Amino acid sequence: MTAIGTDITIGNCRLILGDAMALMPGLEGVDHLISDPPYEQSLHDAKNSATRALRTDGGAELSGLDFAGIDEIRADFTDRAAQICRGWFIVFCTPEGCGRWADVINPSPMKYKRACIWVKPDSTPQLNGQGPAAGAECFVTAWAGRGYAKWNAGGKRGVYTHLTNPPDRHGGHPTEKPWRLMRDLLLDFTQPGQTVLDPFMGSGTTLVAAALTGRRAIGIELNPAYFDIARHRVRKAVAQAHALGVQASAQVQEAFL
Ligand SMILES: C[S@@+](CC[C@H](N)C(=O)[O-])C[C@H]1O[C@@H](n2cnc3c(N)ncnc32)[C@H](O)[C@@H]1O
């Protein structure tokens, strides 16, 4: 198994195996921090108590969460992010978590902008029928840069619709984000050649999207098994970007992943 402290570079992506809270202060500044951190502990508890086989299409099954929720480290993490981020600070969370993120961002030097929505058309129904199922996740956006916030999408609404379980989901991580969702975020919020930090990299989806869109990325992950999946996925994405060129259309990229 890969050893803690491993630090490798594949193409334009750097992957570090270790604790983000310890490593972030040692990083040089990054253009943006875009991440899918652990969720609120309440959701971890709910997911872990309800884990069961749900897919009927033969795709990779969802499993429980083997890492702690964000609650204990949310404020310290936000402080560390504000020290090194020069542009967008974007973190995924439950709808209930948006206010909690705003509460730690507002006292920081970053400017809280808005909560956006990821609509999941294939989300799991509320199987006990005792209330509505969750149909979306959120991500909060804050600007850590100087002057006005800048993005590439004009007046577009902050609503993104992508399947949670597309046929090409890797399936090695219980909360794998769709790579198309992360690609769209990078295209809207960042510029080619900029560096994006994902301190909770998991199976590396942000870095896969970075490789495919010509961004640089740094990913940190605590769990060696997820780090190894990320390494494998990033290597494949970097090879694909090398073969096709990062200017290849999204449709062409999809055909090869
Ligand atoms: C929500 S998951 C990210 C999943 C990722 N977006 C993907 O597509 O695979 C959060 C990840 O953060 C990792 N993690 C939790 N605490 C960490 C820490 N202190 N430093 C680095 N990684 C951590 C967990 O092991 C988990 O893989």
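Let's start at Asn152, which counts as exposed because it has 11 C-beta neighbours inside 10 Å (exposed means 12 or fewer other C-beta atoms within 10 Å, buried 20 or more, partly exposed in between, with C-beta atoms placed from the backbone). This is a predicted model, where local features need pLDDT of at least 70, side-chain atom pairs count only at pLDDT 80 or more, and totals for chains, interfaces and linings use all residues. Residues are numbered from 1 along each chain as its sequence is written.

**Around Asn152**
- Asn152 sits in the loop between β6 (136-143) and β7; strands (E, at least two residues) and helices (H or I, at least four) are DSSP runs numbered from the N terminus.
- Leaving aside residues up to four places away in sequence, Asn152 touches Leu187 and Asp188 (contact means C-beta atoms, placed from the backbone, within 7 Å).
- Leu186 is 34 residues apart from Asn152 along the chain, and their C-alpha atoms are separated by 9.6 Å.

**The sheet**
- An open sheet of mixed pairing holds nine strands, in the order β1-β2-β9-β8-β3-β4-β6-β5-β7; two strands pair if DSSP finds at least two bridges between them.
- At the edges are β1 (7-10) and β7 (159-161), each pairing on one side only.
- On average, neighbouring strands of this sheet are turned by 20° against each other, direction ignored (axes are lines fitted to C-alpha atoms, for helices over the stretch in contact, and angles run from 0 to 180 degrees between N-to-C directions).

**Partners of the sheet strands**
- Strand β5 (residues 111-119) runs parallel to β7, joined by three bridges.
- Trp118 has Tyr160 in β7 as its bridge partner.
- Helix α7 (residues 224-244) packs on the sheet and touches β1, β2 (13-17) and β9 (216-221); the direction of α7 makes about 170° with that of β2.

Conventions: Contact = placed C-beta atoms within 7 Å.
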